[in-house]
Amino acid sequence: YTMKKTFLLLATCMLSMLASSQILEVVSVEKLATASHPDARVAGISPKGDYVLITDGGENGLHRYDLASKKLTTITKAPAAGFNVQISADGNELAFSEMCIEKDRSITHNIHRVNFASNTKAKVAEKQSLLTDLRFAEANVSIVNEECQIYLMKNGKKIHIAPQGEEYTYIWQSLSPDKTKICYYVSELGCYVCDLKGENSQFIGFDCRAPQWYDNNTLIGMYDLDDDHFTVSSRIVAYTLDGKYQILTDPEMIAMYPFATEGKIAFSTVDGKAYIMNVK
């Protein structure tokens, strides 16, 4: 208990030093009514901010939570369906993967597409070794991660992007809304942003983990601390490309894995609750 209090005090002090200015105004923070899902973790938010995708702590299954009706609808119970879900620009479609363990114990993925407008679901690929088929054809620019390396998919070409060098491990990559910048996390170094050529790399912060774009100049990430066994502190923090920071959640709340769209930030807590933060 004493060690946990020490970690919380350290996290609060460090984040207080980072909070240099107000980036967003927090209007409200609301807990989503996911009582039927006792281990909720946010897996995504629609571009329009009208629904949130919910999975569990192991990223199994996928559910849609409509913010207006507060209704939770199951999309699939497939294993690992909550990992790297992709939502179309209009929010009407999503793609998810289903993890399969083959007879030789190798892992493959079946790719599924869901269309909410027509209420249809279809398997579009089977036994994929890498999750390269989740992107939507509407985008002439996209990025994928293969074996912890970033690849830019542009006009049918596949380009390896390794701004800090191929010897490093890259995770949590994403394109800015205007598709001119790439945000990514280097496991040994921290969070960075670069251009589509992998050049002009800009350091954002070591503690900006699981980063997501809020707009073309603002990132939302988590600053988490553990005691080698459990997460004892985690705050949702906004970061701007010009070096500003703002803490968005209370220190008592262990808030993790944010997903953002204009006006809304969805996140979950270590005790399996999902929240929506309204900002402006």
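1. How many bridges join strand S11 to S12, and do the two strands run parallel or antiparallel? The model is a predicted one, and in it 5 bridges connect S11 (residues 149-154) with S12, the two strands running antiparallel. One of the pairings can be named: Tyr151 has His160, in S12, as its bridge partner.

2. As background, strands of a sheet pair through backbone hydrogen bonds.

3. The backbone angles of two residues deserve attention. Most residues other than glycine have a negative phi. Trp172, although not a glycine, has a positive phi of about 55°; Ala210 is likewise not a glycine, and its phi is positive, near 50°. Trp172 is located in strand S13 (residues 170-175) and is partly exposed, its relative accessible area being 31%. Ala210 is located in strand S17 (residues 209-215) and counts as buried because its relative accessibility is 5%, where under 20% is required.

4. The whole structure contains 8 aromatic pairs. In one of them, the rings of Trp172 and Tyr185 have centres 5.3 Å apart and planes at 70°, so this pair is edge-to-face. It links distant parts of the chain, with Trp172 in strand S13 and Tyr185 in strand S14 (residues 181-186), 13 residues apart. Tyr185 is buried, with a relative accessible area of 4%. The rings of Tyr184 and Tyr192 are stacked, because their planes stand at 15° with the centres 5.9 Å apart. Tyr184 is buried at 0% relative accessible area, and Tyr192 is buried at 12%.

5. His112, in strand S8 (residues 107-115), is buried, with a relative accessible area of 12%. Its side chain makes a polar contact of 2.9 Å with the side chain of Glu98. Neighbours within four places in sequence aside, the contacts of His112 are Leu94, Ala95, Phe96, Glu98, Ala122 and Lys123.

6. Asp227 sits in the loop between strand S18 (218-226) and strand S19 (231-240). Which backbone nitrogens does its side chain reach? The side chain of Asp227 reaches the backbone nitrogen of His229 at 3.0 Å and that of Phe230 at 2.8 Å.

7. Lys31 lies in strand S1 (residues 26-31). Is this residue buried or exposed? Lys31 counts as exposed, because its relative accessibility is 52% and the limit is over 50%. Apart from neighbours within four places in sequence, Lys31 is in contact with Lys273, Ala274 and Tyr275. Its C-alpha atom is separated by 8.9 Å from that of Met277, which is 246 residues away along the chain.

Terms used. Residues numbered from 1 in each chain as written. Predicted model: local features only at pLDDT ≥ 70, side-chain atom pairs only at ≥ 80, totals over all residues. Heavy atoms only, no water. Pairing = 2+ DSSP bridges. Helix = DSSP H or I, 4+ residues; strand = E, 2+ residues; numbered from the N terminus. Polar contact = N/O pair within 3.5 Å; in protein donor to acceptor, adjacent residues only side chain to side chain. Buried < 20%, exposed > 50% of the residue type's maximum accessible area, 1.4 Å probe, protein only. Contact = heavy atoms within 4.5 Å. Phe/Tyr/Trp six-rings, centres within 6.5 Å; stacked < 30°, edge-to-face > 60°.
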